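Please read them with the structure open.

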Amino acid sequence: MYKNLGKMTALTLSASLVLAACSTSGGGKSEGGSGEDGEDKQVLNLSAASDIPTMNSALATDSASTSVLGQTQEGLYSLGKDDKIEEGVAEGEPEVSEDKKTYTIKLREDAKWSNGEAVTAKDFVFAWQTALNPETGSEFAYFLYDIKNAEAINNGDKKVDELGVKAIDDQTLEIELEKPVPYFQQLLTFPTFYPLNEKFYNEQDGKYGTSEDKTLYNGPFVLNNWETESKYQLTPNEEYWDKEAVNLDEVNFQIVKDVQTGINLYETGKIDITGLSAEHVDSYKEDENFETDLRASTFYFVFNLENETLKNENVRQAIAQSIDKEKYVSSNRNNGSKAYDKFTPSELVESEGGEEYTEGVDAPYSYNPEAAKKAWEKAKEELGKDEITIELLTFDQDSAKTDAEYFQSQLEQNLDGLSLKIKQQPFKQKIALEDKGQFEIGFSGWGADYPDPLSFLEILTTGNNQNSSGWSNPEYDKAIESAKGDLATKPEERIKALQEAEALMLKDAPVMPLYQTGAAYLQQPYIKDYHRHKFGVDFSLKTTSIEGKESK
């Protein structure tokens with residue numbers, strides 16, 4: 001929810017385009033400053049590639065929002081080191097019924113909101129009902145569809161109070177599912193499942209989450225000094241139940257959209273982590289603080305099938321075989337990313353026998369200029385055109401422009417008569433245009449929201465709010481529903497069904513996978529317990545600290 005990203009999520013994932021999600025910095029002992037108690041403060045300075053679109057967990061769909069929500073809010077469970085599930089507001093493991101459809105969860109009595117009010121089971125009931133209420137317009141409401149009556153409520157066929165979740169008392173939450181869900185506890189870590197304080201939410205008169213003072217917090221930090229498209233700050237939540245585990249006194253974010261600016265800040269000692277783009281990797285790869293990792297997110301073209309040209313299958317097949325992805329990741333990314341022809345990322349899901357899920361997915365299209373030319377000629381004949389113009393919608397960062405120009409060169413070189421126009425937009429505006437269907441080809445990313453192929457495959461089902469392609473295939477929809485239903489307790493059959501569904505989708509090509517995201521960055525060794533996650537929120541700062549940094 002880029003992952004979202006990460007939409008990681010939506011992987012949305014503009015941050016990984018520039019600064020490897022965000023870059024961490026600064027802190028430890030302040031240079032010449034100390035707190036009121038005379039002790040040096042731990043200050044962490046971060047850079048982010050985009051502003052926060054919303055702090056409303058019912059509306060957040062992008063990695064910029066979910067990353068900050070992950071530090072300032074807390075669900076029943078959270079992700080810790082190595083993506084291990086940890087207790088959040090919940091106290092202890094859920095009690096699960098024999099048919100695996102009812103979860104009873106005890107809440108800790110010391111969980112509080114930042115205004116001092118207790119976090120209760122009713123806050124979760126209200127939050128989930130709010131996300132599912134059609135009037136809210138939550139694009140991630142479908143995350144809750146496993147709960148009894150959730151989908152019917154979101155479609156307007158049932159009332160919100162018919163949702164299969166109830167507060168037995170202030171500290172006991174009961175959840176009834178439509179069917180068993182093998183990854184449900186992991187799903188509970190995602191921001192859409194965070195609580196909302198009903199009284200405070202309603203007092204904001206529709207503007208909850210639009211500013212720091214119109215948001216209530218129950219996580220390790222609170223948001224301060226939020227200046228649109230400029231900066232924002234996190235400070236410890238004094239009402240947080242586990243505040244003794246929080247080490248940082250300040251986390252300062254500034255919006256930095258240029259990689260070189262981030263590098264300059266790192267070189268001058270003003271930040272401690274900085275993302276590296278392709279042209280900088282060779283200069284730093286021998287640095288002892290240089291690191292790369294492969295993320296559980298993919299970037300791809302999404303084709304708007306409402307467009308008469310892109311509705312043509314041969315057009316999509318031609319484009320899908322016209323870009324040299326290996327050359328692209330080597331020259332443009334050079335950061336641990338890998339050329340990729342599948343949608344679900346590798347190293348996210350394994351079968352019960354330990355086999356990599358993606359090994360069983362047939363990807364029909366890879367770089368093949370000759371096959372692309374043949375498909376393109378068929379397409380032009382079917383469309384009755386010798387020249388075709390298509391617009392590519394992408395982000396507004398410098399690296400996004402460089403990427404788009406590479407795609408433009410490849411496509412125009414291999415597909416005679418094609419003219420690819422580039423349209424760059426800021427993150428928020430780009431998402432809005434895609435949501436409205438006002439695009440032709442979109443350069444998009446998606447990050448894992450939970451460790452299952454459905455985190456990716458479900459967004460391409462008919463009517464899904466994230467399915468900006470408009471693609472619809474009954475056979476695919478049936479396979480996805482089966483994986484969520486009768487196959488939920490048959491893991492090997494379920495994995496095979498999902499592999500076949502993904503192959504079917506890739507053959508129809510409503511999307512064209514380009515690469516699985518990697519990240520190259522420089523990180524100072526004195527940053528401790530900064531946890532990056534493969535799914536859900538991008539990172540966690542709850543226990544992050546600075547150790548061994550010398551004061552200047």
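Predicted model: local features only at pLDDT ≥ 70, side-chain atom pairs only at ≥ 80, totals over all residues.

1. H9 against H11, geometry. Helix H9 covers residues 313-320, and helix H11 covers residues 369-383. Their axes are 8 Å apart and the packing angle is about 155°. Angles over 145 degrees count as roughly antiparallel. H9 and H11 are therefore roughly antiparallel. The crossing of H9 with H11 is left-handed.

2. H9 against H11, residues. H9 contributes Asn314, Val315, Gln317 and Ala318 to the contact. From H11 come Ala372, Ala375, Trp376, Lys378, Ala379, Glu382 and Leu383. By class, this contact of H9 with H11 holds seven nonpolar, two polar and two charged residues.

3. H10 against H12, geometry. Helix H10 runs over residues 325-333 and helix H12 over residues 398-414. Their axes come within 11 Å and cross at roughly 150°. The cut-off for roughly antiparallel is again an angle over 145 degrees, so H10 and H12 are roughly antiparallel to each other. Here the crossing is right-handed.

4. H10 against H12, residues. On the H10 side, look at Lys327, Tyr328, Ser331, Asn332 and Arg333. They meet Thr402, Asp403, Tyr406 and Phe407 of H12. The contact of H10 with H12 divides into three nonpolar, three polar and three charged residues.

5. Arg295. Is this residue, Arg295, buried or exposed? Its relative accessible area is 18%. Buried means under 20%, so Arg295 counts as buried. Arg295 sits in strand S14, residues 290-303. Which side chain does the Arg295 side chain contact? The partner is the side chain of Asp293, in a polar contact at 2.5 Å.

6. Lys100. This residue is not a glycine, yet its phi is positive, about 60°. Lys100 lies in the loop between strand S6 (95-96) and strand S7 (102-106). Its relative accessible area is 48%. Exposed would need over 50%, so Lys100 is classed as partly exposed.

7. Ala509. Here too phi is positive, at about 60°, and Ala509 is not a glycine. Where is Ala509 placed? Ala509 is in the loop between helix H16 (491-508) and strand S19 (511-523). The relative accessible area of Ala509 is 1%. With the limit for buried at under 20%, Ala509 is therefore buried.

Conventions: Residues numbered from 1 in each chain as written. Heavy atoms only, no water. Axes fitted to C-alpha atoms, helices over the stretch in contact; angles between N-to-C directions. Helix = DSSP H or I, 4+ residues; strand = E, 2+ residues; numbered from the N terminus. Parallel < 35°, antiparallel > 145°, perpendicular 65-115°, else oblique. Left-handed = near helix turned anticlockwise from the far one by under 90°. Contact = heavy atoms within 4.5 Å. Nonpolar A, V, L, I, M, F, W, Y, C, P; charged D, E, K, R; others polar. Buried < 20%, exposed > 50% of the residue type's maximum accessible area, 1.4 Å probe, protein only. Polar contact = N/O pair within 3.5 Å; in protein donor to acceptor, adjacent residues only side chain to side chain.
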